[in-house]
Amino acid sequence: MGRIVMKFGGTSMAGSDRIRRVANIVRRQQAAGHEVAVVVSAMAGETDRLVNFCREANPLYDPAEYDVVVASGEQVTSGLLAMTLQALGCPARSWLGWQMPIKTDDAHAKARIEEIDSAALLASMAAGEVAVIPGFQGLSPQNRITTLGRGGSDTSAVAVAAAIGADRCDIYTDVDGVYTTDPRIVAKARKLKYVTYEEMLELASVGSKVLQTRSVSLAMKEGVRVQVLSSFIDEDSPLADEIPGTMIVSDDELAKIQEDLDMERQLITGIAADKNEAKVILTRVPDRPGAVATIFGPLANANINVDMIIQNVGRDKGETDVTFTVPAADLLRAQTLLEAQKEAIGYNRIITDSKVAKISVVGVGMKSHAGVAATMFRALADRGINIQAISTSEIKVSVLIDEDETELAVRVLHTAYGMDATDEAA
């Protein structure tokens, strides 16, 4: 028998009936002989409600007090789940972030986990008690509550799994695994049995909402095997050990699995779409050394992430246009900052467009295969979809297109790469 961390998201914890369903899933896993720790999110919509209270109290709120308020959502669900497990005859207790403790830095609202003292937790689990842990929260060096940023419960679960040496971290969500693309867009999207850390990290960073990016990065760093499952299953369904969702593993482990099964590595693993992008164009920027630094330095200092960057070939007058993308939520801040720096940068006009979408194809298989980008460009061109910007990495190609063409682009590319099917694929 093993040691397992189980994480349940907000939709899984939304109300007494769903918490009871979660408790039954946990109880059955422990009854199978496993040592179990459970990480929970706040009820669906609760964190947004608490954030709004903070804004109403003080639009310029103290981040430390903000953390005190928003961390309370997970405290409620952890206590309720522990109570429900006890009512089912399953020994359980809740462990708040400061009780373990989960030690973080002091960057309130976006803290990073530095260390987890797991001795007391392990002793409790070894004695047969289910540990219920609120996700998203920790303890600063000043002994104040911190939170890890939105979606941080995934990161909490992976960090706990690493700290206690868990055999697996099961992330229960409202989907039953990772698909080749969004099944709501492509009905023939396939659920994947295995995805590498690299691929999942790229998919999470370009729009896939299954796992938080930081959680995947931490899992890769610590070698935690992560499985994505659905919490919306019948109470008499087989355990996760018997019917897996999607397992996130190392490239070496996947290669071994494929070798044992005598399978070829699929060229493309998934296609992601992200409408939370905005395009910025600065015209007639002086074409001289250091000009680009005057644009992106201030943005970096303001913690505004820049993705796609295109600098046109310099004109005869020694000027160039610079195009890049930022998160849509940061567009106004970026525009305000750049307008304040207009004289220092020396551009003529700033043009923005928030009606764009980023489409990305991801797959470790493209490391050893040519023509992935060409297939993408040709498939989009054949359907009259214009590409506004391009960015690439070793296992990803992303393009920026008009937002209205998002779903068409995803369907076209899913077919172009031969990913349409009805059966599960590895």
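## Surface patches

Val76, Leu80 and Met83 make a nonpolar surface patch of about 270 Å². Met83 belongs to helix H4, which covers residues 72–87. With a relative accessible area of 56%, Met83 is exposed, because exposed means a value over 50%. The model described here is a predicted one.

A patch of negative charge is also found on the surface, where Asp106, Glu114, Glu115 and Asp117 gather. Among these residues, Glu115 sits in strand E5, residues 113–116. The relative accessibility of Glu115 is 45%, so this residue counts as partly exposed.

How many of the five residues of strand E6 are buried? Five of the five are, so E6 (residues 130–134) is largely enclosed by the rest of the structure.

Strand E2 (residues 35–40) is parallel to E6, and four bridges link the two. In this pairing, Val40 is opposite Pro134 of E6. Strand E3 (residues 92–94) also runs parallel to E6, joined to it by three bridges. Here Arg93 has Ala131 of E6 as its bridge partner.

## Strand E13 and its partners

Strand E13 spans residues 270–286 and is mostly covered, with 13 of its 17 residues buried. E13 runs antiparallel to strand E16 (residues 350–362), and 10 bridges join the two strands. Within this pairing, Glu277 has Val356 in E16 as its bridge partner.

E13 also pairs with strand E15 (residues 319–327), again in the antiparallel sense, over eight bridges. One of the pairs here is Ile281 with its bridge partner Thr323 in E15.

## Salt bridges

The whole structure contains 18 salt bridges. Which residue forms a salt bridge with Asp170? The partner is Arg168, and the closest N and O atoms of the pair are 2.6 Å apart. Both Asp170 and Arg168 are buried. Another salt bridge joins the side chains of Glu222 and Lys221, at 2.9 Å from N to O. Glu222 has a relative accessible area of 40% and is therefore partly exposed. Lys221, at 65% relative accessibility, counts as exposed.

A further salt bridge is formed by Asp307 and Lys358, with the closest N and O atoms 2.7 Å apart. Asp307 lies in the loop between helix H10 (291–301) and strand E14 (309–311), while Lys358 lies in strand E16, so this pair ties together parts that are 51 residues apart in sequence. At 28% relative accessibility, Asp307 is partly exposed. Lys358 has a value of 4% and counts as buried, because buried means under 20% relative accessible area. Salt bridges with shared partners join Glu277, Asp307 and Lys358 into one network.

## A contact across the sequence

The loop between H10 and E14 also holds Ala302. Ala302 is partly exposed, its relative accessible area being 22%. From C-alpha to C-alpha, Ala302 and Arg333 are 8.7 Å apart in space, and 31 residues separate them in sequence.

## Backbone exceptions

Most residues other than glycine have a negative phi, and most peptide bonds are trans. Where is the cis peptide bond? This bond joins Met100 and Pro101, and its omega is about -10°. Pro101 is placed in the loop between E3 and strand E4 (102–104).

Phe136 is not glycine, yet its phi is positive, near 80°. This residue is in the loop between E6 and strand E7 (137–139). With 4% relative accessibility, Phe136 counts as buried. Asn143 is not a glycine either, and its phi is also positive, at about 60°. Asn143 is found in the loop between E7 and strand E8 (145–147). Its relative accessibility is 60%, so Asn143 counts as exposed.

Key:
Residues numbered from 1 in each chain as written. Predicted model: local features only at pLDDT ≥ 70, side-chain atom pairs only at ≥ 80, totals over all residues. Heavy atoms only, no water. Patch = residues over 30% accessible without salt bridge, like charges linked within 9 Å, V, L, I, M, F, W, Y side chains within 5 Å. Areas by Shrake-Rupley, 256 points an atom, 1.4 Å probe, with all protein chains shown as cover. Salt bridge = Lys/Arg side-chain N within 4 Å of Asp/Glu carboxyl O. Lys, Arg positive; Asp, Glu negative; His and termini not counted. Charge placed at Lys NZ, Arg CZ, Asp CG, Glu CD. Buried < 20%, exposed > 50% of the residue type's maximum accessible area, 1.4 Å probe, protein only. Pairing = 2+ DSSP bridges.
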